[in-house]
Amino acid sequence: MQKWEYCAIGPIKKLSHGHYPELVRFTPEGSKRSRIHSPRGVDEDDMLAQTIAQLGEWGWEMIGCAPVSGGVHEEHMHIMYFKRPKQ
């Protein structure tokens with residue numbers, strides 16, 4: 001039976017020194033969070049495109065997208081979910 005591993009990329013946080021999407025890997029032990037760093041000057045749309053392309057290179061396939069609320073005064077954002085076969 002095929003087994004899968006899963007991850008998600010969350011809303012990109014815009015910081016003064018670059019854009020940092022959060023990558024969350026889901027494991028039997030719990031979630032593992034990390035940031036994917038981009039060079040200074042890369043805009044949010046380009047960073048998201050680069051992140052999705054990199055996940056594809058690593059063998060991840062997008063399986064869904066879900067809206068999340070950033071809070072009362074923030075705009076709605078989305079989280080993208082990915083899977084790939086376990087090795």
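Buried residues, meaning those under 20% relative accessible area with a 1.4 Å probe and protein chains only, make up 29% of the 87 residues in the chain. This is a predicted model, in which local features need pLDDT of at least 70 and side-chain atom pairs count only at pLDDT 80 or more, while totals for chains, interfaces and linings use all residues. Residues are numbered from 1 along each chain as its sequence is written, and side-chain values use heavy atoms, with hydrogens and water left out.

Let us start with the overall layout. The chain has one helix and five strands, and from the N terminus on they follow the order β-β-β-α-β-β. These elements are DSSP runs numbered from the N terminus: helices are H or I with at least four residues, strands E with at least two. Of the contacts (heavy atoms within 4.5 Å) with a separation of 6 or more, 43% are between residues 24 or more positions apart. Ile79 of strand β5 (residues 76-85) is 70 residues from Ile9 in sequence, yet their C-alpha atoms are 5.8 Å apart.

Next come the salt bridges. A salt bridge is a side-chain nitrogen of Lys or Arg within 4 Å of a carboxyl oxygen of Asp or Glu, and the whole structure holds three.

| Salt bridge | N to O distance |
|---|---|
| Glu5 and Arg25 | 2.6 Å |
| Glu5 and Arg84 | 2.7 Å |
| Arg33 and Glu22 | 3.1 Å |

Glu5, Arg25 and Arg84 are linked in a network. Glu5 forms a salt bridge with Arg25; Glu5 lies in strand β1 (residues 4-15) and Arg25 in strand β2 (residues 18-27), so this pair ties together parts 20 residues apart in sequence. Glu5 also forms a salt bridge with Arg84; Arg84 lies in strand β5, so that pair ties together parts 79 residues apart. Glu5 is buried, at 15% relative accessible area, and so is Arg84, at 18%. Arg25, at 33%, counts as partly exposed, the class between buried and exposed, where exposed means over 50%. Arg33 is exposed, at 57%.

Finally, the surface. The accessible surface of the chain is about 6,200 Å², 53% of it from carbon and sulfur atoms; areas come from the Shrake-Rupley method with a 1.4 Å probe, and for residues only the protein chains shown count as cover. Trp4, Tyr6, Phe26, Ile63 and Tyr81 form a nonpolar patch with about 440 Å² of accessible area together. Such a patch joins nonpolar side chains (Val, Leu, Ile, Met, Phe, Trp, Tyr) within 5 Å, from residues with over 30% relative accessible area and no salt bridge, while like charges are joined within 9 Å. Ile63, in strand β4 (residues 61-69), is partly exposed at 46%.
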